Amino acid sequence: MAHDSEDAAPPNPLTRFESTEPAKGKLFLRLFLQNERRLYAYILTLLPNRADADDVFQEASLILWDKFDLDHPPLDFAAWGCRIAYFKVLDFCKKQQRSRVLFSQPVLERLAETMTEQAAALQLDERREALAGCIAKLSSADRDLLARRFVHGSTVQIVAEQISRSVDAVYKALAKIRHALHACVTRALELQGRS
């Protein structure tokens, strides 16, 4: 046995890198595809010339890939991506400043803030729309249970009495509905990100 371990090849330090690279690629690609339209729209707002926006988008995409950390992915990929894109826009403007008139840095900062605020609102609107679609897909009994629970002043105890079920059963049913809605909304948003 000792002889076998002496003949064994030393561990390859690249093995971990090679095994994590496909996982990094999959996660990055999923997050990037979900947010690429939002990132491009953000850049296009700051650089109205489509060719310039395309160039900056490509550069920002490469930086996103280089800086993406599989062990610590960004909590909000769109916000992270917009921040990186903002700095790439600033770099672009500095390089182009001599040849044409572009937005000043304060104007760019204000536009960037406005776009970030609107992107958050857009994401909420997309979530609300997805949630409405998912609620419509629930069974009539589940929709009825949700409606009873979210009537002003209602409690789980009141709902349990109304439908002649235990409080525990109502909690479990609501948890199951909440889980189904969360999964449905997540799928719907992922599909929107791919289209």
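These questions and answers go through a predicted model and the terms used to describe it.

Q: What makes up the secondary structure of the protein, and which pattern does it follow?
A: The secondary structure comes to eight helices and zero strands. Read along the sequence, the pattern is α-α-α-α-α-α-α-α.

Q: How much of the protein counts as buried?
A: Of its 195 residues, 30% count as buried, where buried means under 20% relative accessible area.

Q: What share of the contacts between residues at least 6 apart in sequence joins residues at least 24 apart?
A: The share is 63%.

Q: Which residues make the contact of α3 with α4?
A: From α3 the contact takes Asp52, Val56, Glu59, Ala60, Ile63, Leu64 and Lys67. From α4 it takes Trp80, Gly81, Ile84, Ala85, Lys88, Val89 and Phe92. By class, the residues of this contact divide into nine nonpolar, one polar and four charged.

Q: How do you know whether glycine 81 is buried or exposed?
A: Glycine 81 has a relative accessible area of 1%. Buried means under 20%, so glycine 81 is buried. Glycine 81 is found in helix α4 (residues 77-96).

Q: What does glycine 81 contact, leaving aside its neighbours within four places in sequence?
A: Glycine 81 is in contact with Leu39 and Leu64. The C-alpha atoms of glycine 81 and isoleucine 63 are separated by 9.2 Å, and these two residues are 18 residues apart along the chain.

Q: Why does lysine 88 count as buried?
A: The relative accessibility of lysine 88 is 16%. The limit for buried is under 20%, so lysine 88 counts as buried. Lysine 88 has its place in helix α4. Not counting residues up to four places away in sequence, lysine 88 touches Val56, Glu59, Ala60 and Ile63.

Q: How many aromatic pairs does a search of the whole structure find?
A: The search finds ten aromatic pairs.

Q: What makes the pair of phenylalanine 28 and phenylalanine 77 edge-to-face?
A: The two rings are 5.9 Å centre to centre, with 70° between the planes. Rings pair if their centres lie within 6.5 Å, and planes over 60 degrees apart count as edge-to-face.

Q: Why is the pair of tyrosine 86 and phenylalanine 87 called edge-to-face?
A: The ring centres of tyrosine 86 and phenylalanine 87 are 5.5 Å apart and the planes lie at 70°, so the pair is edge-to-face. The limit for the planes is over 60 degrees.

Q: How do you know whether tyrosine 86 and phenylalanine 87 are buried or partly exposed?
A: Tyrosine 86 has 5% relative accessibility and so counts as buried. Phenylalanine 87 has 42%. Partly exposed lies between the buried limit of under 20% and the exposed limit of over 50%, so phenylalanine 87 counts as partly exposed.

Q: Which residues do ring pairs link into a cluster?
A: The cluster consists of Phe28, Phe32, Tyr40, Phe57, Trp65, Phe68, Phe77 and Trp80.

Q: What makes α6 oblique to α7?
A: The axes of helix α6 (residues 140-149) and helix α7 (residues 156-163) come within 9 Å and cross at roughly 135°. That angle makes α6 oblique to α7, since roughly antiparallel begins over 145 degrees and roughly perpendicular ends at 115. The crossing of α6 past α7 is right-handed.

Q: Which residues meet between α6 and α7?
A: Leu145, Arg148 and Arg149 in α6 meet Val156, Val159, Gln162 and Ile163 in α7. The contact has four nonpolar, one polar and two charged residues.

Q: Why is serine 164 called exposed?
A: Its relative accessible area is 68%. Exposed means over 50%, so serine 164 is exposed. Serine 164 lies in the loop between α7 and α8 (167-194). Although serine 164 is not a glycine, it has a positive phi of about 55°.

Technical notes. Residues numbered from 1 in each chain as written. Predicted model: local features only at pLDDT ≥ 70, side-chain atom pairs only at ≥ 80, totals over all residues. Heavy atoms only, no water. Helix = DSSP H or I, 4+ residues; strand = E, 2+ residues; numbered from the N terminus. Buried < 20%, exposed > 50% of the residue type's maximum accessible area, 1.4 Å probe, protein only. Contact = heavy atoms within 4.5 Å. Axes fitted to C-alpha atoms, helices over the stretch in contact; angles between N-to-C directions. Parallel < 35°, antiparallel > 145°, perpendicular 65-115°, else oblique. Left-handed = near helix turned anticlockwise from the far one by under 90°. Nonpolar A, V, L, I, M, F, W, Y, C, P; charged D, E, K, R; others polar. Phe/Tyr/Trp six-rings, centres within 6.5 Å; stacked < 30°, edge-to-face > 60°.
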